[in-house]
Amino acid sequence: MTSLDKIIHLATQSEYDCIGDEGKIFESIDLSKIDVLGQGTKHDICTSSSTRRVVDQNEVLGDVTRSGICHSFTANGRCVSMFKTLFTNYCTHDCKYCQNSTDYKGSKSIYSYTPEELARITISLYKGNYIEGLFLSSGVSSDEDIITEKMIETLKILNDKYNFAGYVHFKILPGVSYEYIKQASEIADRLSVNIETPSKNYLSELSSTKNYASDILKRQHYIKKLEIKKELPAGQTTQLVVGACGESDFDIFKRTLKEYKEMMLKRVYYSAFNPIATTSLEGLSAQPTWREHRLYQMDWLYRVYKFSESEIEIAFDEEGFLNNKDPKLYIALNALDSSTDPNDASYDELLRVPGIGPKSAHRIVNYRKKNKIYKKEQLLNLGVRVKNATPFLKINGGEYSRLDQWIGCQTQ
Amino acid sequence: MNRNVPLILLEISTKISWHELNTSTDSEILKIRRKVGEVRSEIHRMMGFVRFNLINDKILFGYMKPKHRIGRLVTDIFARRFQKNMIILGNEHRVWISYYCANSYKRYEDSRSLNEIIEKVKLLIDLDNEVDIEKIWKVYYDSQYIKERENHKLFYKNMPKKHLKSTGNSIELKLNTKTLDDYIHSD
């Protein structure tokens, strides 16, 4: 144990870093700016702060984790892990659902940060342990390259002046030049371009100024090219607004597959459409949040559970929508022909049983090397949701008929 | 580990392999597995919910009252995260201090209260100052709320009051005690 005096001496003798005048900048900062530019990103839902980067240098401020950390939750129950903000809310696009659109009829004030200001706020919140890092997006202002240059300057200040090593998620604005994307990829953990809709035609319904192929897909392709050369620690992601232009879940599914296969995306995020007052779409009704939830389940089946394309297609109805039921259960009821015996089913077969996830499937495979599974309690102790799984399992000879399966799952 | 863990479990835990711990269905080992989970999740919760105030830009202090004996560990994690900063965490009965620089930790522990230690530190560096980051945080935190998507149940599940008390984050605690309805209708 070291004495209190000694530690204080060690801490205060090291060279003064640059946030000594923090108090002053806080007094001069306009709190409504933080409010408005913060609100500009509240519908951006990528809050994951997990990254593969490892911080092993000395003399840096900050750290990252594999699991990511939520530092708070809003009254929506959503995780707050980053300082999510726009650089400016001045935008020359006319996306109909957006409050920063040129189409917006309400009155609004235009705010912008300076790179220095934004870096300081980020560092202060970081040192207070309120955030894992910075999520930086922006309106495109008059020119997307000019604003991106300023956003990158913010990252450079964080990097060079404050030795910041925390998490950075950087939004690539539609139409930004390759050179800037390259610069951003050298500093950020994660890059993303919002595709917003599943196809060109849908996008043209929502915006007349964005071109799906050249402004969005081409930028995703640039990021992919950069990723092949040098790994991006947290990969590339994207986000769709669900239900603003009448697209079906199946349209979204098809686009999601393309994004994973062709663009090597880490994740696709779905955000259910909410009408904002005095935008052109204020009269359109909001999408239920369960639609978003079912899309995520579909996404999980593909990405984590490795279900095949044709298996997942079973879950869609004739109009191409998912209904408000667990898609995995729905697929199991329609596709599993016989009961699964936990003693000899493969890992993949186990994963297809409702109530068994990757963790419990893994445990079952390991456990049965030395033991035999003959009663439900064993499965319960291995982490299986027995109530959901029983209708699909053959335990000690007993199994459900097809009809009993349907009846057994009615209540779920 | 918590004091309340029976000796027999502690004994078993030293003998079993990681593999056994993760796949066994034995009821005793299951208890250990749950305990390990509890401790790990408390560490993770502390890393997320503890908040710091700054005395000067090198001395960070915050309130923390963990259920398990993880005080020193968590303080070390923060010391590593904020290299060359002095990290002071503690509650009414215990204070942990850690400082990390050039691959080594300097540690100090005290059984006095956090407030007493803070007063002493302020006296030693001759500075009575606290930087108010909370003001900015409150504005940002409120800006992220989407009225149309309010979900009380999920909020309480993710941020139960008992956990907020052990890390002393006042903004969310206020939201939590005022009842969510008061909060929403006030704006």
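Met86(B) is in contact with Ile7(A), Ile8(A) and Ala11(A) of chain A, and with Lys58(B), Ile59(B), Leu60(B), Ile97(B) and Tyr99(B) of chain B, leaving aside neighbours within four places in sequence. Two residues are in contact if their C-beta atoms, placed from the backbone, lie within 7 Å. The model is predicted: local features need pLDDT of at least 70, side-chain atom pairs count only at pLDDT 80 or more, and totals for chains, interfaces and linings use all residues. Residues are numbered from 1 along each chain as its sequence is written, while chains are lettered from A and ligands numbered from 1 in the order in which they are written.

Met86(B) also belongs to the largest nonpolar core, which has 140 residues; Ile172(A), Leu60(B), Met86(B) and Ile87(B) touch the most other members. A nonpolar core is a set of buried Ala, Val, Leu, Ile, Met, Phe, Trp, Tyr and Cys residues joined through C-beta atoms within 7 Å. A residue is buried if 20 or more other C-beta atoms lie within 10 Å of its own, exposed if 12 or fewer, and partly exposed in between, with C-beta atoms placed from the backbone. In soluble globular proteins, nonpolar side chains tend to be buried together.

**The interface**

Between the chains, 59 residues of chain B are in contact with 57 residues of chain A. Helix α6 (residues 134–143) of chain B supplies six residues, the largest share of the side of chain B that touches chain A. That side of chain B consists of 34 nonpolar, eleven polar and 14 charged residues. Here Ala, Val, Leu, Ile, Met, Phe, Trp, Tyr, Cys and Pro count as nonpolar, Asp, Glu, Lys and Arg as charged, and the others, Gly among them, as polar. Helices (H or I, at least four residues) and strands (E, at least two) are DSSP runs, numbered from the N terminus.

**Chain A**

Chain A has 17 helices and eight strands. Its C-alpha trace spans about 75 × 65 × 40 Å along the principal axes. Of its 412 residues, 45% count as buried. Among contacts in chain A with a separation of 6 or more, 69% join residues 24 or more positions apart.

Six strands of chain A form an open sheet with parallel pairing, in the order β3-β4-β5-β6-β7-β8. Its edge strands are β3 (82–86) and β8 (267–272) of chain A, each pairing on one side only. Two strands pair if DSSP finds at least two bridges between them. Within this sheet, β5 (residues 167–171) and β6 (residues 190–192) of chain A pair in the parallel sense over three bridges. Lys171(A) has Ser192(A) in β6(A) as its bridge partner.

**Chain B**

Chain B contains an open sheet of five strands with mixed pairing, in the order β1-β2-β3-β4-β5. Strands β1 (53–54) and β5 (104–110) of chain B stand at the edges with a single partner each, so one side of each is left without a neighbour in the sheet. Strand β4 (residues 95–101) of chain B pairs with β5(B) in the antiparallel sense over seven bridges. In that pair, Tyr99(B) stands opposite Lys106(B).

Asn129(A) lies in the loop between α4 (115–127) and β4 (133–137) of chain A. Its phi is near 60°, a positive value in a residue other than glycine. Asn129(A) is buried because 24 other C-beta atoms lie within 10 Å.

Ala102(B) is in the loop between β4 and β5 of chain B, and its phi, near 45°, is likewise positive in a residue other than glycine. Ala102(B) is exposed, with 8 other C-beta atoms within 10 Å.

Lys65(B) lies in the loop between β2 (59–63) and α4 (71–81) of chain B. With 17 other C-beta atoms within 10 Å, Lys65(B) is partly exposed. Lys65(B) touches Asn91(B) and Ser166(B), not counting residues up to four places away in sequence. Lys65(B) and Ser166(B) are 101 residues apart in sequence and 4.6 Å apart in space, C-alpha to C-alpha.
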